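Visitor: I would like to go through the helix packing and the core here. Could we begin with the structure itself?
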Amino acid sequence: MERQQAIGVRQEILMRLLTFAAPIERLEQDIRALSWDYPEEDIVLMTPTMAVAVLDRAINGEMPIEDVFRWADLLEAREDVGLVGGQQGDLREFLYQASNSEINDMDIHRLIRWRNTLRGEHNVL
């Protein structure tokens with residue numbers, strides 16, 4: 001029972017992260033409270049639609065684009081977050097590029113192109 005409760009808490013925190021359901025500072029605090037190593041993989045699944053929703057918020061000025069980069073950094077390489085959808089490779093690449101925004105020259109224009117790519121609108125990044 002205790003183990004299931006721990007999994008439920010972890011799922012809840014990860015879902016808040018995936019959907020950006022709290023300020024970035026709170027998400028960072030919550031995620032850092034979780035152990036990095038976790039014996040079960042993919043206890044939550046991220047879809048391209050989830051990333052598009054976050055990108056839309058940044059593109060529409062509802063949050064600073066720097067928060068998108070911090071969000072991606074919290075997600076990139078997590079073993080307990082699976083990536084689903086026909087664009088799993090694109091989603092993984094987006095998270096990598098956004099979490100390393102400085103070396104990948106990420107700006108609002110690149111975020112717009114990523115949003116379009118993750119929506120399935122094929123364009124050149």
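Visitor: At what angle do the axes of helix 3 and helix 6 cross?
Guide: In this predicted model, the axes of helix 3 (residues 48–59) and helix 6 (residues 108–119) cross at roughly 150° and come within 9 Å. Helix 3 is therefore roughly antiparallel to helix 6.

Visitor: Is that crossing left-handed or right-handed?
Guide: The crossing of helix 3 and helix 6 is left-handed.

Visitor: Which residues meet there?
Guide: On helix 3, Pro 48, Ala 51, Val 52, Leu 55, Asp 56, Ala 58 and Ile 59 take part; they meet Ile 108, Leu 111, Ile 112, Trp 114, Arg 115, Leu 118 and Arg 119 of helix 6. By class, the contact has 11 nonpolar, no polar and 3 charged residues.

Visitor: Now helix 2 and helix 4: how do their axes cross?
Guide: Those axes cross at roughly 10° and come within 10 Å, which means that helix 2 is roughly parallel to helix 4. Helix 2 contributes Ile 24, Glu 25, Leu 27, Glu 28, Ile 31 and Arg 32, and helix 4 contributes Asp 67, Arg 70, Trp 71 and Leu 74. This contact has 5 nonpolar, no polar and 5 charged residues.

Visitor: Turning to the largest nonpolar core, which residues touch the most other members?
Guide: Met 46, Val 68, Trp 71 and Phe 94 do, out of 40 residues in that core. Elements that each supply at least two of its residues include helix 1 (2–18), strand 1 (44–46), strand 2 (81–83) and helix 5 (88–99).

Visitor: And what does Val 68 touch, leaving out residues up to four places away in sequence?
Guide: Val 68 touches Val 54, Leu 55, Ala 58, Met 63, Phe 94 and Leu 111.

Methods: Residues are numbered from 1 along each chain as its sequence is written. This is a predicted model: local features need pLDDT of at least 70, side-chain atom pairs count only at pLDDT 80 or more; totals for chains, interfaces and linings use all residues. Side-chain values use heavy atoms; hydrogens and water are left out. Axes are lines fitted to C-alpha atoms, for helices over the stretch in contact, and angles run from 0 to 180 degrees between N-to-C directions. Helices (H or I, at least four residues) and strands (E, at least two) are DSSP runs, numbered from the N terminus. Angles under 35 degrees count as roughly parallel, over 145 as roughly antiparallel, 65 to 115 as roughly perpendicular and the rest as oblique. A crossing is left-handed if the near helix is turned anticlockwise from the far one by less than a right angle, and right-handed if clockwise. Contact means heavy atoms within 4.5 Å. Ala, Val, Leu, Ile, Met, Phe, Trp, Tyr, Cys and Pro count as nonpolar, Asp, Glu, Lys and Arg as charged, and the others, Gly among them, as polar. A nonpolar core is a set of buried Ala, Val, Leu, Ile, Met, Phe, Trp, Tyr and Cys residues joined through side-chain atoms within 4.5 Å. Buried means under 20% relative accessible area, exposed over 50%, partly exposed in between (1.4 Å probe, protein chains only).
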